[in-house]
Amino acid sequence: MPGLVYFSSASGNTARFIARSGLKATRLPISPKDPLPDLPRDYVLICPTYADGLGRGAVPKQVIRFLNVPAHREHLRGVIATGNRNFGETYALSGRIIAEKCAVPLLYSFELAGTDRDIARVRDGLAAFWGTQCLTA
Amino acid sequence: MKDAQVLRSVPRAINWNRLEDEKDLEVWNRLTVNFWLPEKVPLSNDVQSWGQLTPEEQTLTIRVFTGLTLLDTIQNGLGAPALMGDAITPHEEAVLSNIAFMEAVHARSYSSIFSTLCSTKEVDEAFRWSQENPHLQAKARAVLETYAPGADPLKRKIASVFLESFMFYSGFYLPMYWSSRAKLTNTADLIRLIIRDEAVHGYYIGYKFQRGMETLPQARRDELKDYAFSLLFELYEIESRYTEELYDPLGLTEEVKAFLHYNANKALQNLGFEALFPDEAAEVNPAILAALSPDSENHDFFSGSGSSYVIGRAVATEDDDWDF
């Protein structure tokens, strides 16, 4: 069963997006001491961006650690990035980096906790995306 | 309260290797790496472009920038220092001292723009205008009330997030608008540096507000949420009138208001609240969004429209590859 995995720091924007969307999703732990929850087999990752002015540090460390495990990367099918347009060129940069590193499509990007329209796009988009993935599998 | 604490306890040196809140170090690092000064931006390249604006457009631009200068002055001298007094951790206090200083850099930057592009007489006239304009003064006063000694620390944070993430934007709209028409592009580069800083400030102060809310009983949380929404309404009313006065002559008021709605929603999200304005009212002209984040296309693989989606070649993924 395809699924959704996300990271959200203590400021909680991505977590609020997930809660409002009603989508079932697995949260990656903030503290490295906490164990990783059971993962869905194939999944899309939602990842925030924390880049500085030069784009460094865009992908949260916790997400890097997670993706450094080949078994986790193997089942990653796509990425959705979040950010804030006020950060200019580095807006939602984490998604571009992960897409390139892991050779998966960057499916969508939205700001902060997302708008109602973002929620609808992600819900419909994921449903359609998993449909095509099953057909080609 | 703060003074009493200092008197009672042993003065303690700040230890950055013992953090109570990881976010303090994360934001400290982000702010210090992003440090900049206006001298870095070649503003004089805009002299010719400035000369191509009509006298009305020039006056509007100078006025908008004096309005922004006023908000930065308040945040530098009163806002951030007031928040420092409320800091829970010593590291938070240090981060706020950086925020206070950068607000001074922002206020300084507008004067650099003025000295590069405008005559002393025009600038003096605009500063006089900023002191006399009722809407600008009203918005300054509304925030200053919450910064007064003895005010509720969490209400201060609410007002501060609105200043950082909402009240600047009637002003920021104009340089983004010029930039989208290939005018004053170096000035826009400088403003984008300010916007980037304010985004971190609004995020951090909003985060500290959320932490402060966590331990409160529900009744008090409800009270603070009501306060936040009613303050936003009050500020929005003032902001609307300010916007009409400035932008009606150019016919841009409705577009600026959509930008205000969009930013009000983002300010509420920084505080952990839901949006107020519906998506249709917060639809910003795509040219302005592109001016805000140039070169970062909006990826929408789902709808199949817009930009080409990114899919890269597989690269061996190791810790060293990723920039920590």
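Of the 324 residues in chain B, 43% are buried (a residue counts as buried with 20 or more other C-beta atoms within 10 Å of its own, C-beta atoms being placed from the backbone). This is a predicted model, so to speak of local features takes pLDDT of at least 70 and side-chain atom pairs count only at pLDDT 80 or more, while totals for chains, interfaces and linings use all residues. Residues are numbered from 1 along each chain as its sequence is written, with chains lettered from A and ligands numbered from 1 in the order in which they are written.

**Chain B overall**

- Chain B has 13 helices and zero strands; helices here are DSSP runs of H or I with at least four residues, strands are runs of E with at least two, and both are numbered from the N terminus.
- Among contacts in chain B with a separation of 6 or more, 76% link residues 24 or more positions apart (contact: C-beta atoms, placed from the backbone, within 7 Å).

**A helix pair in chain B**

- Helix α7 (residues 134-147) of chain B packs on helix α11 (residues 218-247) of chain B at about 155°, with the axes 9 Å apart; axes are lines fitted to C-alpha atoms over the stretch in contact, and angles run from 0 to 180 degrees between N-to-C directions.
- That angle makes α7(B) roughly antiparallel to α11(B), a label used for angles over 145 degrees.
- On the α7(B) side, the contact is made by B:His135, B:Leu136, B:Ala138, B:Lys139 and B:Ala142.
- The α11(B) side brings B:Glu234, B:Leu235, B:Ile238, B:Glu239, B:Arg241, B:Tyr242 and B:Glu245.
- Sorted by class, this contact has six nonpolar, one polar and five charged residues (Ala, Val, Leu, Ile, Met, Phe, Trp, Tyr, Cys and Pro are nonpolar; Asp, Glu, Lys and Arg are charged; the others, Gly among them, are polar).

**The sheet in chain A**

- Chain A holds an open sheet of five strands in the order β2-β1-β3-β4-β5, with parallel pairing; strands pair if DSSP finds at least two bridges between them.
- The edges are β2 (26-27) and β5 (106-111) of chain A, each pairing on one side only.
- Strand β1 (residues 3-6) of chain A runs parallel to β2(A), joined by two bridges.
- A:Val5 has A:Thr26 in β2(A) as its bridge partner.

**Where A meets B**

- 44 residues of chain A touch 41 residues of chain B.
- On the chain A side, α2 (61-67), α4 (93-102), β5 and α5 (116-136) each supply at least two residues.
- The largest share, six residues, comes from α5(A).
- By class, that side of chain A has 18 nonpolar, 13 polar and 13 charged residues.

Notes: A residue is buried if 20 or more other C-beta atoms lie within 10 Å of its own, exposed if 12 or fewer, and partly exposed in between; C-beta atoms are placed from the backbone. Two residues are in contact if their C-beta atoms, placed from the backbone, lie within 7 Å. Angles under 35 degrees count as roughly parallel, over 145 as roughly antiparallel, 65 to 115 as roughly perpendicular and the rest as oblique.
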